[in-house]
Amino acid sequence: FNPVFGPAADCTILNFGGSFTSTGPAGQYQGDLCIADSAHASFSGSNFVTGKVRLAPDATCSGCTPQRVLGGVELNADLTAEVQACQDARENNTPVSLGGSGPECTETVTTLQSIAVNGTITRSATNIICLTQNQTVKGLKLAGDATTKYVFVVEKTFKFQDGKVQTVAPVEPGDVLWIFVGATQALTSSGGGGGASCCKAVLDGSVIIDGKIALAPGLINGQV
């Protein structure tokens with residue numbers, strides 16, 4: 001889990017004000033799915049949650065059967081602290097120039113792969129890397145040392161396709177945060193190879209996004 005989320009760290013997925021739809025072949029969500037405010041969750045197909053589905057008083061879920069929600073459904077869950085923690089994480093990690101209160105970009109680039117050397121980005125300390133154009137990434141490694149933190153501020157769309165965006169020890173997925181800003185926020189994957197061996201398309205790190213996530217299929221090693 002990414003420590004920037006504070007009280008929201010107990011939610012693998014936190015959705016408020018929107019909808020969450022899961023369908024298709026066997027796949028899993030590890031941990032709790034938290035549906036706040038008046039948001040809605042819908043399950044069909046063979047996907048399942050290893051933890052609980054926690055529903056705020058006005059939130060709803062269709063298809064939340066015992067077979068799909070192994071930890072059961074919690075009704076009238078108080079997710080106020082979790083929602084606030086997510087909003088604070090966005091505010092505190094988004095640069096002032098992009099509408100937040102966080103530090104400015106340490107690097108501004110058009111494409112993520114343009115700063116990779118032989119397919120690897122290597123940095124020390126905290127790196128706030130702002131991506132100004134649509135991204136299509138087909139494989140990348142995020143490396144560094146024990147001090148390394150990555151915050152990627154995505155100003156448009158991001159697609160990870162037929163490849164893995166993965167950390168290299170000692171950097172871990174909990175050291176990586178993807179924040180989407182702007183009017184065209186979208187995170188997608190393709191060519192992921194679903195089923196028991198999922199997935200060829202992998203993204204390490206946690207994600208904060210107000211737009212659409214569509215994994216067809218894909219794996220996110222982090223919180224959303």
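1. Two strands count as paired if DSSP finds at least two bridges between them. Helices (H or I, at least four residues) and strands (E, at least two) are DSSP runs, numbered from the N terminus. In strand S9, Glu74 is the bridge partner of Arg54.

2. A word on the basis of this note. The model is predicted: local features need pLDDT of at least 70, side-chain atom pairs count only at pLDDT 80 or more, and totals for chains, interfaces and linings use all residues. Residues are numbered from 1 along each chain as its sequence is written, and side-chain values use heavy atoms, with hydrogens and water left out.

3. Start with the sheet that holds S9. It is an open sheet of four strands, in the order S1-S4-S7-S9, with parallel pairing. S1 and S9 (73–74) stand at the edges with a single partner strand each, so one side of each has no neighbour in the sheet. Strands of a sheet pair through backbone hydrogen bonds, either parallel or antiparallel.

4. Now go through the pairs. S1 and S4 run parallel and are joined by four bridges. Here Leu14 stands opposite Cys34 in S4. S4 and S7 also run parallel, with three bridges. Leu33 faces Val53 of S7 across that pairing. S7 and S9 are parallel too, joined by two bridges.

5. S4 is worth a look from both sides. Leu33 and Ile35 point one way, Cys34 and Ala36 the other way, and all are buried. Buried means under 20% relative accessible area, exposed means over 50%, and partly exposed lies in between (1.4 Å probe, protein chains only).

6. Which residues touch the most other members of the largest nonpolar core? They are Phe5, Leu14, Phe20, Leu33, Ile35, Phe43 and Val53, in a core of 34 residues. At least two residues of this core come from each of S1 (13–16), S4 (33–36), S5 (40–43), S7 (53–55), H1, S12, S15 and S18. A second, separate core has 26 residues, including Ile121, Leu142, Tyr150 and Val171. A nonpolar core is a set of buried Ala, Val, Leu, Ile, Met, Phe, Trp, Tyr and Cys residues joined through side-chain atoms within 4.5 Å.

7. Leaving aside neighbours within four places in sequence, Leu14 is in contact (heavy atoms within 4.5 Å) with Ala8, Cys34, Ala36, Glu82, Val83, Cys86 and Val224.

8. Leu14 also lines the largest cavity, together with Phe5, Ala8, Cys11, Cys86, Gln223 and Val224. A search of the whole structure finds one cavity of 30 Å³ or more. The largest cavity holds about 50 Å³ of space. Its lining has six nonpolar residues, one polar and no charged. On a 1 Å grid over the protein atoms alone, a cavity is a set of points where a 1.4 Å probe fits but cannot get out; a pocket is an open set with protein on both sides within 12 Å along at least five of seven lines; lining residues have an atom within 4 Å of a point. Grid points are joined across faces, edges and corners, and a volume is the space filled by probe spheres set on the points.

9. Next, the second largest pocket. Its volume is about 180 Å³. It has 15 lining residues, and Val4, Asn93, Lys149, Tyr150 and Val151 lie nearest its centre. H1 (80–93), S12 (126–131), S15 (149–154) and S18 (176–180) each give two or more residues to the lining. S15 gives the most, with three. By class, the lining has eight nonpolar, five polar and two charged residues. Ala, Val, Leu, Ile, Met, Phe, Trp, Tyr, Cys and Pro count as nonpolar, Asp, Glu, Lys and Arg as charged, and the others, Gly among them, as polar.

10. Is Val4 buried, partly exposed or exposed? Val4 counts as partly exposed because its relative accessibility is 34%. Val4 is found in the segment before S1. Not counting residues up to four places away in sequence, Val4 touches Ala85, Ala89, Asn93 and Leu177. Val4 and Ser206 are 202 residues apart in sequence and 9.8 Å apart in space, C-alpha to C-alpha.

11. Finally, S18. Five of its five residues are buried. Val176, Trp178 and Phe180 lie on one side, Leu177 and Ile179 on the other. S15 and S18 pair in the parallel sense over five bridges, and Val154 stands opposite Phe180. S18 also pairs with S21 (residues 206–208), in the parallel sense over three bridges. There, Leu177 has Ser206 as its bridge partner.
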